[in-house]
Amino acid sequence: LQIRLLSGHPLPPLPPLPSALAADQGMPTAEPAAFDAVSMSPDVPRVGAQGGNPEASQNRLVQMLQTAAHPATCVFHAAFKIVVLLIYIYGRYIHSAYVSTFILCTIFAALDFWTVKNISGRLLVGLRWWNLVKEDGSSEWVFESNPDEGNLNATDRNIFWGVTYVWPVLWAVFLFMNILNFSLDWVLLNIMIFVFAGTNLAGYWKCSTDAKKRATQWVQSEGMRAVAG
């Protein structure tokens, strides 16, 4: 039973009668409520247990490198780029040190250009290019390619082309941002690194195109010989 006051707030309910007194008055006694069993199984998922795991990402990277034919070359193909990017972000947006950032980025960007042009391209995709300056002052693109491109490792090829395509695009974005901000001093650094990255991309793209063209011509010539013979 509940008794309401004039203010409308109910009084707390009266305590139940003792079992003996309730039996004397002929009133039914209330049975104690039973507690439901709660499962404490360790299989119940916890909140946040399925979140991102950096160890899993690291393991995937290690597994990918294990499938590469030249894992050390794959690492160095991206290592100098990562160093240049970290130096630029720290010097441009955190420390605001233009001179030291310009010098360090130039050094590591040049090392990256030389490594990609002379080492990683030849080992990972079987391509090599250079620009030959003739005696009359004219220049000529010279391309070398692996005649047996079918034996190239898929992981090596994907890492090489993926990083080579992304690198100049990233610096084009930085260049566009600094142009919008009228940061002409940083624009100079962006243009220089973009030229390094774009030159390697253009050289290897032309080299790959030339290699595919020569492979097509070789297949056609062999087919003509087989038909004529």
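Me: How far is the backbone oxygen of Phe-160 from a polar atom of the side chain of Thr-164?

Reply: Thr-164 is found in helix 5 (helices are DSSP runs of H or I, at least four residues, numbered from the N terminus). From a polar atom of the Thr-164 side chain to the backbone oxygen of Phe-160, the distance is 2.6 Å.

Me: What kind of model is this?

Reply: Residues are numbered from 1 along each chain as its sequence is written, and side-chain values use heavy atoms, with hydrogens and water left out. Local features need pLDDT of at least 70, side-chain atom pairs count only at pLDDT 80 or more, and totals for chains, interfaces and linings use all residues, since this is a predicted model.

Me: Is Thr-164 buried or exposed?

Reply: Look at its relative accessible area, which is 4%. The label here applies under 20% (1.4 Å probe, protein chains only). So Thr-164 is buried.

Me: Which residues is Thr-164 in contact with, leaving aside neighbours within four places in sequence?

Reply: Contact means heavy atoms within 4.5 Å. With those neighbours skipped, Thr-164 has contacts with His-77 and Leu-201.

Me: How do helix 3 and helix 5 run relative to each other?

Reply: Helix 3 covers residues 71–94 and helix 5 covers residues 154–180; their axes come within 10 Å and cross at roughly 15 degrees. Axes are lines fitted to C-alpha atoms over the stretch in contact, with angles from 0 to 180 degrees between N-to-C directions. Under 35 degrees counts as roughly parallel, so helix 3 and helix 5 are roughly parallel.

Me: Which residues of helix 3 meet helix 5?

Reply: On the helix 5 side, the residues involved include Thr-164, Trp-167 and Phe-174. Facing them from helix 3 are Cys-74, His-77, Lys-81, Val-84, Leu-85, Tyr-88, Arg-92 and Tyr-93.

Me: How is helix 3 oriented relative to helix 4?

Reply: Helix 4 spans residues 98–124, and it packs against helix 3 at about 165 degrees, with the axes 9 Å apart. That makes the two helices roughly antiparallel. In the contact, helix 3 brings residues including His-77 and Tyr-88, while helix 4 brings Phe-108 and Val-116, among others. The cut-off is over 145 degrees, so the label for helix 3 and helix 4 is roughly antiparallel.

Note on methods
Parallel < 35°, antiparallel > 145°, perpendicular 65-115°, else oblique. Buried < 20%, exposed > 50% of the residue type's maximum accessible area, 1.4 Å probe, protein only. Polar contact = N/O pair within 3.5 Å; in protein donor to acceptor, adjacent residues only side chain to side chain.
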